[in-house]
Amino acid sequence: MKLIIIVLSSLLLSNELTTCQVTKVIDGDSFKCGKYTVRLAGVDAPEYNHKYGSKSSYALRKLIDGKTVELDIIKKGYFKRSIAYVYLGEINVNEYLLMNGHVKCYRESSHKYLAEYDKIERLAKLTKIGVWN
């Protein structure tokens with residue numbers, strides 16, 4: 001009985017991994033990919049009509065639009081979006097955008113890369129790139 005509970009618990013706690021082709025970039029931290037509407041986990045982009053918002057959207061579009069990405073979906077968020085870490089080959093898209101100043105670290109909820117993303121954001125601030133320019 002204990003074994004069944006442990007197995008079920010690990011299945012419920014595991015992330016969903018899938019690949020899909022990006023069909024539309026919505027803004028700097030959201031896009032459509034197959035049957036999923038995806039929100040990048042752990043980062044936050046300026047809204048399109050705010051300072052740097054259109055540049056942030058362009059950066060994501062240039063990087064992933066029309067390409068096949070891997071989603072590490074950690075949960076469902078507001079608007080039924082899949083909150084995910086996104087990979088384009090070996091590139092962690094979330095981290096890449098953060099490193100290049102296109103997004104900020106999202107601190108409203110805890111996530112497994114919070115400490116790492118915080119350090120990356122501080123480096124982007126120091127170099128005054130992207131939203132930090």
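The expected span of a helix is taken here as 1.5 Å times one less than its number of residues, and helices (H or I, at least four residues) and strands (E, at least two) are DSSP runs numbered from the N terminus. The model is predicted, so that local features need pLDDT of at least 70 and side-chain atom pairs count only at pLDDT 80 or more, while totals for chains, interfaces and linings use all residues. Residues are numbered from 1 along each chain as its sequence is written, and side-chain values use heavy atoms, with hydrogens and water left out.

Helix α4, residues 114-127, has 14 residues and reaches 20 Å from its first C-alpha to its last, close to the 20 Å expected at 1.5 Å a residue. Its buried residues (buried meaning under 20% relative accessible area, exposed over 50%, partly exposed in between, with a 1.4 Å probe and protein chains only) are Tyr-117, Ile-120, Glu-121 and Ala-124. Seen down the axis of α4, these buried residues fall within an arc of 100°, so they line one face of the helix; the arc is that of the directions from the helix axis to the C-beta atoms. An α-helix has 3.6 residues a turn, so residues three or four places apart point the same way. The face of α4 turned away from the buried side carries the exposed residues Ala-115, Lys-119, Leu-123 and Leu-126. What covers the buried residues of α4 includes β4, β6 (82-88), β7 (91-92), α3 (93-99) and β8 (104-105). After α4 comes Lys-128, whose phi is positive, near 55°.

With neighbours within four places in sequence left aside, Gly-42 is in contact (heavy atoms within 4.5 Å) with Lys-104, Cys-105, Tyr-106, His-111 and Tyr-117. Gly-42 is buried, at a relative accessible area of 7%, and Cys-105 is buried as well, at 6%. Between Gly-42 and Glu-95 there are 8.9 Å in space, C-alpha to C-alpha, although the two are 53 residues apart in sequence.

The loop between α3 and β8 holds His-102, which counts as buried at 15% relative accessibility. The side chain of His-102 makes a polar contact with the side chain of Tyr-52 at 2.9 Å; such a contact is a pair of N or O atoms within 3.5 Å, where within protein one must be able to donate a hydrogen and the other to accept it, and residues adjacent in sequence count only if both atoms are side-chain atoms. Again leaving aside neighbours within four places in sequence, the contacts of His-102 include Ala-45, Pro-46, Ser-56, Leu-97 and Val-131.

Among the strands, β1 and β5 (residues 68-76) pair in the antiparallel sense over 6 bridges, pairing being counted if DSSP finds at least two bridges between two strands. β5 and β6 also pair in the antiparallel sense, over 6 bridges. Glu-70 in β5 is the bridge partner of Thr-19 and stands opposite Tyr-87 in β6. The hairpin of β5 and β6 has 5 residues between the strands, and in it Phe-79 takes a positive phi near 60°.

A search of the whole structure finds 1 disulfide, a term for a pair of cysteine sulfur atoms within 2.5 Å. The disulfide joins Cys-20 to Cys-33, with S to S at 1.9 Å. This pair links distant parts of the chain, with Cys-20 in β1 (residues 16-27) and Cys-33 in β2 (residues 30-33), 13 residues apart. The torsion about the S-S bond is about 110°, so the disulfide is right-handed, and both Cys-20 and Cys-33 are buried.
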